[in-house]
Amino acid sequence: MTWRKWYKTARWQKLRMQVLKRDLFTCQMVGCGRIEPNTSQLVADHKIRHQGHEQLFWDEGNLQCLCKPCHDKLKQKEERRSFGP
């Protein structure tokens with residue numbers, strides 16, 4: 001899919017860093033709030049899945065900072081819900 005290439009662009013790297021700074025390098029998952037200075041352990045997560053929709057992908061308001069453990073748990077839960085038991 002072409003949208004996967006968007007993650008490799010300078011534009012995405014800039015947007016990702018804007019989101020991490022805006023959220024003060026703090027996981028936005030309710031109940032977590034982990035502050036992580038190592039940006040490789042943070043994810044700029046899309047709140048609403050973009051599914052290749054360009055406007056949703058690049059919308060800063062649709063992004064939040066999550067620590068990798070919360071992101072990975074959240075995504076696993078979403079995928080299980082999507083695909084059923």
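1. Glutamine 51 is exposed, with a relative accessible area of 64%; here exposed means over 50% relative accessible area, buried under 20% and partly exposed in between, with a 1.4 Å probe and protein chains only. You will find glutamine 51 in the loop between S1 and H2. Its phi is positive, about 45°, although glutamine 51 is not a glycine. Helices (H or I, at least four residues) and strands (E, at least two) are DSSP runs, numbered from the N terminus.

2. A word on what you are looking at: this is a predicted model, in which local features need pLDDT of at least 70 and side-chain atom pairs count only at pLDDT 80 or more, while totals for chains, interfaces and linings use all residues. Residues are numbered from 1 along each chain as its sequence is written, and side-chain values use heavy atoms, with hydrogens and water left out.

3. How confident is the predictor? The mean pLDDT of the chain is 92, and 93% of its residues reach 70 or more; pLDDT is the predictor's confidence in each residue, from 0 to 100. Confidence is highest in H1, at 98, and lowest in helix H3 (residues 68–83), at a mean of 80. Where pLDDT is low, the predicted coordinates should not be read in detail.

4. Leucine 24 also has a positive phi, near 55°, in a residue other than glycine. At 61% relative accessibility, leucine 24 counts as exposed.

5. Which residues of H1 are buried? They are Trp12, Leu15, Arg16, Val19 and Leu20. These residues cover an arc of only 135° around the axis, which puts them on the same side of H1; the arc is that of the directions from the helix axis to the C-beta atoms. An α-helix has 3.6 residues a turn, so residues three or four places apart point the same way. On the other side of H1, Ala10, Arg11, Lys14 and Lys21 are exposed. The buried residues of H1 pack against S1, H2 and strand S2 (63–67), with contact meaning heavy atoms within 4.5 Å.

6. Glutamine 13 lies in helix H1 too, and is partly exposed, with a relative accessible area of 41%. The C-alpha atoms of glutamine 13 and alanine 44 are separated by 9.7 Å, although these residues are 31 residues apart along the chain.

7. The largest nonpolar core has nine residues: Trp3, Trp6, Trp12, Leu15, Val19, Ala44, Phe57, Trp58 and Leu63. Helix H1 (10–22) and helix H2 (54–58) each supply at least two residues of this core, and H1 gives the most, with three. A second, separate core of eight residues includes Leu20, Cys27, Cys70 and Leu74. A nonpolar core is a set of buried Ala, Val, Leu, Ile, Met, Phe, Trp, Tyr and Cys residues joined through side-chain atoms within 4.5 Å.

8. Do take a look at the aromatic rings: the structure holds eight aromatic pairs. Tryptophan 6 and phenylalanine 57 form an edge-to-face pair, 4.9 Å centre to centre with 65° between the planes. This pair links distant parts of the chain, with tryptophan 6 in the segment before H1 and phenylalanine 57 in helix H2, 51 residues apart. Both tryptophan 6 and phenylalanine 57 are buried. Rings of Phe, Tyr and Trp (its six-membered ring) pair if their centres lie within 6.5 Å; planes under 30 degrees apart count as stacked, over 60 as edge-to-face and the rest as tilted.

9. Tyrosine 7 and tryptophan 12 form another edge-to-face pair, 5.1 Å centre to centre with 80° between the planes. Tyrosine 7 is partly exposed, with a relative accessible area of 30%, whereas tryptophan 12, at 4%, counts as buried. Trp3, Trp6, Tyr7, Trp12, Phe57 and Trp58 form one aromatic cluster. Leaving aside neighbours within four places in sequence, phenylalanine 57 is in contact with residues including Trp3, Trp12, His46 and His50.

10. Finally, is aspartate 45 buried or exposed? At 3% relative accessibility, aspartate 45 counts as buried. Aspartate 45 is found in strand S1 (residues 42–46). Not counting residues up to four places away in sequence, aspartate 45 touches Asn62, Leu63, Gln64, Leu66, His71, Leu74 and Lys75.
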